Amino acid sequence: MTISETESATGDGQLVETVRRLVERVDRLESTLEVRNLQHQYGYYLDKCLYEEVADLFAENSQVLFMGGIYRGKAGVRRLYCERFRRGFTDGRNGPMPGFLLDHMQAQDVVHVEDGGERARARFRTFMQAGTHRSVPKEERRAHFDQWWEGGLYENVYVREGGIWKIEKLDYRPFWHATFEDGWANTPDYFQKLVASKTYPEDEFGPDELLDPPHKLWPVTDVLPFHYPHPVTGKPWGE
Amino acid sequence: MTISETESATGDGQLVETVRRLVERVDRLESTLEVRNLQHQYGYYLDKCLYEEVADLFAENSQVLFMGGIYRGKAGVRRLYCERFRRGFTDGRNGPMPGFLLDHMQAQDVVHVEDGGERARARFRTFMQAGTHRSVPKEERRAHFDQWWEGGLYENVYVREGGIWKIEKLDYRPFWHATFEDGWANTPDYFQKLVASKTYPEDEFGPDELLDPPHKLWPVTDVLPFHYPHPVTGKPWGE
Amino acid sequence: MTISETESATGDGQLVETVRRLVERVDRLESTLEVRNLQHQYGYYLDKCLYEEVADLFAENSQVLFMGGIYRGKAGVRRLYCERFRRGFTDGRNGPMPGFLLDHMQAQDVVHVEDGGERARARFRTFMQAGTHRSVPKEERRAHFDQWWEGGLYENVYVREGGIWKIEKLDYRPFWHATFEDGWANTPDYFQKLVASKTYPEDEFGPDELLDPPHKLWPVTDVLPFHYPHPVTGKPWGE
């Protein structure tokens with residue numbers, strides 16, 4: 001198919017056209033891998049509570065959807081990562097606390113660069129291990145549960161500005177939580193209570209807007225819509 | 001190596017040849033990423049019991065190897081996903097049941113596009129979390145265990161038809177199962193009993209053929225043969 | 001950006017230059033995917049205690065950093081995999097033992113090919129399931145714990161020799177261990193005791209050199225330095 005394109009590319013005009021198409025295709029391949037790297041790097045920074053580094057991955061005009069709220073713009077992004085999480089998890093510092101685990105494995109990317117090459121959409125999965133080691137005194141433990149598993153999905157948008165890929169929209173949908181001891185067959189109601197119900201500034205660390213409808217968590221099993229059509233039939237999701 | 005190719009590509013014939021090779025190489029890179037996407041999309045659809053969408057990923061002339069049986073052609077593929085799994089897991093519907101978890105993480109791809117560019121082989125790993133939330137009444141729970149982990153491997157073949165990559169052969173080898181409570185040190189015999197022993201139509205949802213020898217499950221640790229030679233020595237697997 | 005390069009590539013000299021750049025870019029893309037494959041293949045061989053196959057992935061002039069020690073050259077690599085691990089895990093054989101699980105999932109690659117195209121650096125994550133099935137008699141069990149989880153990071157270097165990518169430096173940092181029963185909130189001191197304290201030949205299977213400072217394990221949460229600068233700000237890690 002594409003090979004026959006070149007086989008006929010002996011005329012000068014056709015050669016130039018083939019090369020022009022190749023430049024576009026190679027640019028798209030490079031972008032695909034850069035978007036993967038960007039999301040993988042997001043996960044590695046988040047592991048280590050490097051919230052400044054996380055916030056710097058976002059475009060100026062960006063948003064984060066997290067637990068029922070929308071955090072808008074760099075101010076919203078920083079309120080979530082550099083204020084809410086830092087206050088909640090690391091006692092105000094940028095970097096990991098001894099004895100506090102927050103591993104955010106990133107996996108199963110499906111990246112599509114849009115026509116024009118300056119915007120991309122991607123689905124990712126995360127699989128988390130989190131908790132506090134018993135060597136941390138009880139009164140210093142910041143998480144409600146001592147140790148838990150978490151599985152979730154992202155449907156993100158990325159934008160290339162000045163040649164650099166950045167996160168434009170991070171839409172994280174935690175799907176299931178499970179304490180290490182009791183598992184996903186016994187997920188308590190607690191996690192549902194973390195879904196946002198107040199906005200900023202009423203909630204000092206709250207989102208700019210509430211999601212409507214809000215995130216529903218496991219045992220609800222609704223499908224997070226796919227940004228892509230079916231790869232074989234071409235049918236868009238939801239039609 | 002390849003750079004010196006172009007350095008001498010100043011003659012017109014050499015330039016055309018370099019461009020022709022580039023088109024082939026870019027096509028192969030694009031195919032590699034499309035095959036990854038295809039398998040990752042398979043995993044996301046399977047998470048949500050979207051069995052119609054799963055079956056549509058397969059070529060007309062395809063097969064699935066699953067738990068000791070070979071399901072042949074689209075009819076066999078549909079018997080497995082759209083009849084057996086749908087009847088077993090989702091009470092006949094296409095889509096997720098509330099309170100039933102079946103996460104199929106896909107990871108660790110090793111994709112090789114064959115010469116000619118229209119067929120590819122790939123090894124993948126899956127890591128699963130499955131089970132039923134306690135809010136589902138006991139009499140409605142469809143799985144034998146309330147919650148379990150599963151690790152497995154794929155050695156799949158993909159084919160490009162009309163420019164679209166599809167699954168030609170899905171060879172899934174579950175390697176280990178573990179209940180959430182007792183782990184892989186205590187895997188019960190139960191899972192081995194799920195290996196197929198009857199074919200269709202004697203078993204309404206059975207495979208067209210039995211694998212001989214059948215799949216052996218953990219604690220058997222046999223190597224699932226690699227489709228690729230050793231990447232440094234070039235030695236094919238098994239020689 | 002790159003597209004405008006080609007749009008002006010109608011002059012013959014510019015066309016040749018565009019093609020020369022394309023060859024470099026395609027070579028880098030191919031190398032990126034080959035390095036991923038190489039590390040993923042490392043993981044699949046390690047799953048199955050195929051230590052000969054693992055050792056063959058390394059360059060002649062290579063090193064492995066493992067649990068506080070540096071194993072140097074092919075002799076050191078073989079001492080670790082083909083002597084220490086084979087003696088410790090598989091009773092001297094090359095290949096898996098029945099009832100002994102050692103799954104090494106590889107995930108979350110961030111690969112950067114260096115200028116010149118013959119060396120690459122990559123960060124990977126591993127997530128492990130390991131242990132011995134209860135069907136193995138107690139006196140034949142080789143691991144201290146019956147079943148455990150392990151999470152860790154790699155910061156590796158790869159080199160291309162004679163057109164073939166090989167591992168030049170494997171720097172594995174196990175981050176956390178957890179028994180299946182008690183989890184990462186209750187990781188015992190035991191794992192810290194596995195950090196090397198003697199070198200070869202005093203320790204028959206020991207490293208050539210001790211890491212100074214040695215690896216610290218969970219509940220220590222130090223950041224494993226990133227080989228890459230921040231992808232948006234360009235700021236190198238640690239500055």
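**Stop 1: chain B against chain A**

Select chains B and A. In contact, meaning heavy atoms within 4.5 Å, are 54 residues of chain B and 54 residues of chain A. This is a predicted model, where local features need pLDDT of at least 70, side-chain atom pairs count only at pLDDT 80 or more, and totals for chains, interfaces and linings use all residues. Side-chain values use heavy atoms, without hydrogens and water, while residues are numbered from 1 along each chain as its sequence is written and chains are lettered from A in the order in which they are written.

The two chains bury about 4,600 Å² between them, with 66% given by carbon and sulfur atoms. Buried area is the accessible area (1.4 Å probe) lost on putting two parts together, summed over both.

Now show side chains. Chain B and chain A share four salt bridges, each a side-chain nitrogen of Lys or Arg within 4 Å of a carboxyl oxygen of Asp or Glu. Pick Arg36(B) and Asp109(A): their side chains form a salt bridge at 2.8 Å, N to O.

Which elements of chain B each supply at least two residues of the side that touches chain A? Colour α2 (12-47), β3 (100-113), β4 (119-132), β5 (147-161) and β6 (164-179) of chain B. Helices (H or I, at least four residues) and strands (E, at least two) are DSSP runs, numbered from the N terminus. α2(B) gives the largest share of this side, 21 residues. By class, this side of chain B has 26 nonpolar, 14 polar and 14 charged residues. Here Ala, Val, Leu, Ile, Met, Phe, Trp, Tyr, Cys and Pro count as nonpolar, Asp, Glu, Lys and Arg as charged, and the others, Gly among them, as polar.

**Stop 2**

Chain A has four helices and seven strands. Trace them along the sequence: α-α-α-β-β-α-β-β-β-β-β. The C-alpha trace of chain A spans about 75 × 35 × 35 Å along its principal axes.

**Stop 3: chain A against chain C**

Bring back chain C. About 4,600 Å² is buried between them, 66% of it on carbon and sulfur atoms. Select Val23(A), Tyr44(A) and Lys48(A): they supply 15% of the area that chain A buries against chain C, more than any other three residues.

Four salt bridges cross the interface of chain A and chain C. One to find joins the side chains of Arg36(A) and Asp109(C), at 2.8 Å, N to O.

**Stop 4: the cavities**

Show all three chains, A, B and C. The structure has six cavities of 30 Å³ or more. On a 1 Å grid over the protein atoms alone, a cavity is a set of points where a 1.4 Å probe fits but cannot get out; lining residues have an atom within 4 Å of a point. Grid points are joined across faces, edges and corners, and a volume is the space filled by probe spheres set on the points.

The largest cavity holds about 90 Å³. Which of its 18 lining residues are closest to its centre? Select Arg36(A), Gln108(A), Gln108(B), Arg36(C) and Gln108(C). The α2 and β3 elements of chains A, B and C each supply at least two lining residues. The lining has three nonpolar, nine polar and six charged residues.

Move to the second largest cavity, about 80 Å³. Of its 13 lining residues, Arg125(B), Gly151(B), Gly152(B), Trp176(B) and Asp103(C) are closest to its centre. β4, β5 and β6 of chain B, with β3 of chain C, each give two or more residues to this lining. By class, the lining of the second largest cavity has five nonpolar, four polar and four charged residues.

Technical notes: On a 1 Å grid over the protein atoms alone, a cavity is a set of points where a 1.4 Å probe fits but cannot get out, and a pocket is an open set with protein on both sides within 12 Å along at least five of seven lines; lining residues have an atom within 4 Å of a point.
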